[in-house]
Amino acid sequence: MELESEWHTRHGIVYWVGVSGAYSESAAEKAYPNCETVPCEQFDIAFQAVENWIADRAVLPIENSLGGSIHRNYDLLLRHGLHIVGEVQLSIRHCLLANHGVKIEDLTRVLSHQQALAQCEHTLTRLRVAREAVDDTAGAAQFVALHKLKDTGAVASIGAARIYDLNVLAQDIQDDSDNVTRFLMLAREPIIPGTDRRFKTSIVFSLDEGPGMLYMALAVFSMRNINLTKIESRPQRKRPLIQPAGNGDGLKHFDYLFYCDFEASMADLNAQNALKHLKEFATFLRVLGSYPTDTT
C-alpha cells in the first residue's frame, strides 16, 4: 500500500469511459493531472485494464446529484477486486450543441446520454424535441458533427463543442445549477488510510432476512456518532429471489446487498470497532476503500 498523494506525482495511465470531450475525461484529468488519460468504450473494460496491469488507475462515475446512482458500476465494484483510492466531484454544465447554421427551432430531436437527457428534462420538454439516448454525451456531439445533421442537436459539454466544431445554441440547460457527478478513483491496491484530513470509507454488506436487521446494521454507526453519507441497495445477482424458511405461501423476496459510505477513516479505531460490530451479524462484509474526501 502507498499514499495516493505520492502516486499523483507519477506519470501513469488512467482509463476513463467515453470519447474525447466527455465529462469523464475532465474528471480523470482533474483526479490525475500528471498522468496519461486513455478512453475506452465500456465500464467493464476499464476495470479489466487496471486488473490486468494495462492501466494504473480508472476514474469512473458512481452517482449524480440529479440523476442518481450509476448502478452498473456498483455491480462491477463487487465483481472485480479493485479498491477505491479516491473520489473526485465534477460540476456538470450541459450545453445544447448543433452544427453551424442550425437554429434551435430547426431541431426535431436531441441526442445524449440518458442521464444527461434526464438532467435537462425541463428545457427539452419546453423545446418539444424527441430525445434519443446514446452511450455518452461527447459521443452524441461527435455523431451530430460527423453526419452533419441539420435537424438534430446534442447535449454535451462546451469542451465537446470545441473538439467537434459545433455551435453552442444554449448553455447551462440542466434543470438544477447544483448538478454534480461523483467519480471514483480505482486501483489494484488500497491506499494507507490516514487521520490527517477528512476521509470517507465505502463498504458493501448483506444481512439475514428478518425484522430490524437493517436497523441493527445502521445502529453500529449511529451509536458511535459516525455519519452515513450514502446507502444503496442492490439485489444479489446470484440469489435474486429467495423464499424464507417455513414460508408456505410461496412468496419470495429480493436478497439485497447494501452499499454504504460513511465519514471516517479505517485508521480510526471508532470505524474499526463499528465494522467489527457489523461483522458479528452481517452475512457478508467487504471494505471497498477508505480514501480522502473530495472537498473541492
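My entries on pockets, cavities and aromatic contacts follow.

**Ground rules.** I am working from a predicted model, where local features need pLDDT of at least 70 and side-chain atom pairs count only at pLDDT 80 or more, while totals for chains, interfaces and linings use all residues. Numbering runs from 1 along each chain as its sequence is written, and side-chain values use heavy atoms, with hydrogens and water left out.

**Entry 1, the largest pocket.** I looked up its volume and got about 780 Å³. For the terms: on a 1 Å grid over the protein atoms alone, a pocket is an open set of points with protein on both sides within 12 Å along at least five of seven lines, a cavity is a set where a 1.4 Å probe fits but cannot get out, and lining residues have an atom within 4 Å of a point. Points are joined across faces, edges and corners, and a volume is the space filled by probe spheres set on them.

I found 32 lining residues for this pocket, with Phe43, Pro61, His113, Asp135 and Asp136 the closest to its centre. Which element gives the largest share of the lining? It is α5, with four residues. Elements that supply at least two residues each include α2 (23-31), α3 (43-51), β3 (57-64) and β8 (130-134). (Helices are DSSP runs of H or I with at least four residues, strands are runs of E with at least two, numbered from the N terminus.)

By domain, the lining draws at least three residues from each of domain 1 (1-91 + 179-187) and domain 2 (94-166); the bounds come from an automatic or database domain assignment.

**Entry 2, cavities.** My search of the whole structure gave two cavities of 30 Å³ or more. The largest has a volume of about 70 Å³, and of its 13 lining residues, Tyr74, Leu77, Ile84, Ser202 and Asp261 are the closest to the centre. Domain 1 and domain 3 (199-292) both give residues to this lining, so the cavity lies between them. Its largest share, three residues, is from β16, and the lining divides into 10 nonpolar, one polar and two charged.

The second largest cavity comes out at about 30 Å³. Phe47, Leu60, Pro61, Ile62, Asn73, Leu77, Leu184 and Leu186 line it, with β3 giving the largest share, three residues. I counted seven nonpolar, one polar and no charged.

The structure holds four aromatic pairs. (Phe, Tyr and Trp rings, the six-membered one for Trp, pair if their centres lie within 6.5 Å; planes under 30 degrees apart are stacked, over 60 edge-to-face, the rest tilted.) Phe221 and Phe262 have ring centres 5.0 Å apart and planes at 40 degrees, so I logged the pair as tilted. This pair links helix α9 (residues 213-222) to strand β16 (residues 256-262), the two residues being 41 apart.

Phe205, Tyr256 and Phe258 form one aromatic cluster. Buried or partly exposed, I asked of Tyr256? At 31% relative accessibility, Tyr256 is partly exposed, whereas Phe258 is buried at 13%. (Buried is under 20% relative accessible area, exposed over 50%, partly exposed in between, with a 1.4 Å probe and protein chains only.)

How values were computed. Nonpolar A, V, L, I, M, F, W, Y, C, P; charged D, E, K, R; others polar.
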